[in-house]
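Dear colleague,

I am passing on the structure below, together with some notes on what was found in it. Please keep it open while you read.

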Amino acid sequence: MSIKSILEVKNLHAGFGTTEVVKGVSLSAQYHTVTAIIGPSGCGKSTFIRCLNRLHEETSGAFANGEVWLENTDIYAKNVDPVSIRRKVGMVFQKPNAFPSMSIFDNVVAGLRLAGVKRHSILKEIVEQSLISAALWHEVKDKLNAPGTSLSGGQQQRLCIARALAVEPTVLLMDEPTSALDPISTAKIEELMTELRKKVTIIIVTHNMQQAARISDQTAFFLSGELIEFGETSQVFTAPKMDQTERYITGRFG
Amino acid sequence: MNPAVLSQHMAQRYLRRKITHWIMMGVLALASCLALIPLLSLSVYVLSQGIPGLGINFFTHLPQPIGETGGGMANSILGTLTLVVLASLIGVPWGIGTGLYLSEYPPGRLSTAVRFSADLLASIPSIIIGLFVYTLIVIPMRRFSLLAGGVALGIIMIPTLARSTEELLRRVPIHVREAGLALGLPRWKVILRIVLLGNARAISTGIILSIARVAGETAPLLFTSFNNQYWQRGLDQPSSSLPVQIYTYAISPYEDWHQQAWTGALILVLLVFAMNILTRILLSPRGSS
Ligand SMILES: Nc1ncnc2c1ncn2[C@@H]1O[C@H](COP(=O)(O)OP(=O)(O)O)[C@@H](O)[C@H]1O
Ligand SMILES: [Mg+2]
């Protein structure tokens, strides 16, 4: 690929204990694109994207090796601090996870405030911007002091997106962000992603094939920890090169 | 089998099951009522015995020599409050710190050992803790002291608080912690500011319950803070406390003192009940609408 990638994974192996779950995956993503990762349950999608912000290693017994280049840094190089990587690579999880007993406002600025940003005027502006970017501002602007956990599931998920955006990451990882949500909330988040990609590069794991087809530029198909096929979304869905990909997207297994 | 016979058989079995069900329900209801009887009768008894001695003097005056009226337990009440504060200064950070360690750091030999010791410590009779503090502090200092009493009660708080904190934090979903880590926060900040503070109300419930538990401890105070019929004069001096004063008065031969003991008991019970009620209020769902 000729254009410079923001993210480039080279021969990544990862797993738990002695079990290898991601078996030598290489792929790359350009600036401001959406990459979808699809594949049957248990094939290592979550493990893979959790390697991209070095969250995987927080599980006891987890291992990972290989290269993951974020712009000009290999995040698995020896002297790299995982904490600094996680500020650049945000993450949204499957289950909405607003912080307990924090208001909507405090949830959004949690990352900044706990990192030492104190000035209220700055925080206030960031809250507004982040909530606007997460398409939640109009629903919550009059109740920023309400507990984050009082919002509906779909709203909480957008709150989590706002919280991730507030620290201004360059890459946003999303692990099945809509699979716990109703169809309307799902549609809202999909809509939101077309805006989000202007700010961040998105890697999204999804179980929903239509969703992958609708929102992504490129698609990676995983099977048993291996990257079976990786290409432009339109090509992967209309003319898959691999037999296994075709069987999966037509629903014949998985 | 003939279908008619079968269905008759089933009907009979159904009836039998129904009857067994009602009998069992009755037994359980009776057992629950029986469990309430000691609590109710104790409350009524302590109230009826304690109220006659209640008056402003009880809270403002020092104990009087036998034969003189108008004495109170002001110094004992103050002593118990001070002991509880001292105990919390030691027990709360230590207990919560241990609980945090047990729930947040990977299981290993150390945490297994710590957990086991906490459970053992919790099952040691409190009089033994008192003896331990006696040799640790009272003997070297050559006198009973408020400090020694506070340390004894603080040690008693540690294991229960550690285990209740651990249990509580274990119920915080792992993905809340991961969300914190994913924001680029160091682990200790996630633990303190998100996991612990996010559950501050439940944690404070554990603290209050452990305080309520030690507030009424008597045995460990008998040879640590001991007793004193005057106002407290310093951390390194013996101190009166409600439980020890109640004990002293209750075993005395004087009618007057028996009355004082009952009123002291009433205050102690009210204090402990109040703390329990406070935890209910803290835990009641509010602000989550
Ligand atoms: N904490 C863990 N410890 C051990 N094995 C795990 C752990 N988490 C996941 N696995 C295993 O790793 C494999 C891949 O899991 P995961 O990456 O979650 O798959 P996916 O997200 O594609 O469903 C599964 O077989 C799963 O059982
Ligand atoms: Mg998964």
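Arg177(B) is buried in this predicted model, with a relative accessible area of 10%, where buried means under 20% relative accessible area, exposed over 50% and partly exposed in between, computed with a 1.4 Å probe on protein chains only. The side chain of Arg177(B) meets that of Glu104(B) in a salt bridge, at 2.7 Å from N to O, a salt bridge being a side-chain nitrogen of Lys or Arg within 4 Å of a carboxyl oxygen of Asp or Glu. Because Glu104(B) lies in helix α3 (residues 74-104) of chain B and Arg177(B) in helix α7 of chain B, the pair ties together parts that are 73 residues apart in sequence. Glu104(B) is buried as well, with a relative accessible area of 5%.

As to how the model should be read, it is predicted, so that local features need pLDDT of at least 70 and side-chain atom pairs count only at pLDDT 80 or more, while totals for chains, interfaces and linings use all residues. Residues are numbered from 1 along each chain as its sequence is written, chains are lettered from A and ligands numbered from 1 in the order in which they are written, and side-chain values use heavy atoms, with hydrogens and water left out.

The side chains of Arg50(A) and Glu178(B) meet in a salt bridge of 2.6 Å, N to O; Arg50(A) lies in helix α1 (residues 45-52) of chain A and Glu178(B) in helix α7 (residues 174-182) of chain B, so the pair joins two chains. Arg50(A) is buried at 12% relative accessible area, and Glu178(B) counts as buried at 13%.

Within chain A, the side chains of Arg158(A) and Glu139(A) form a salt bridge at 2.8 Å, N to O. This pair links distant parts of the chain, with Arg158(A) in helix α6 (residues 153-166) and Glu139(A) in helix α5 (residues 137-140), 19 residues apart. Arg158(A) is buried, with a relative accessible area of 3%, whereas Glu139(A) is partly exposed, with 33%.

Over all chains the count comes to 18 salt bridges. In chain B, a network of salt bridges links Arg115(B), Asp119(B), Arg163(B), Glu166(B), Glu167(B) and Arg170(B).

Where does Ser225(B) sit? The residue is placed in the loop between α10 (219-222) and α11 (242-250) of chain B, and Ser225(B) is buried, with a relative accessible area of 0%. Leaving aside residues up to four places away in sequence, Ser225(B) touches several residues, among them Leu83(B), Phe144(B), Gly149(B) and Pro238(B), a contact meaning heavy atoms within 4.5 Å.

Turning to chain B as a whole, there are 12 helices and zero strands, these being DSSP runs numbered from the N terminus (helices H or I, at least four residues; strands E, at least two). Of the 289 residues of chain B, 41% count as buried, and among contacts in chain B between residues at least 6 apart in sequence, 73% join residues at least 24 apart. The C-alpha trace of chain B spans about 90 × 60 × 40 Å along its principal axes.
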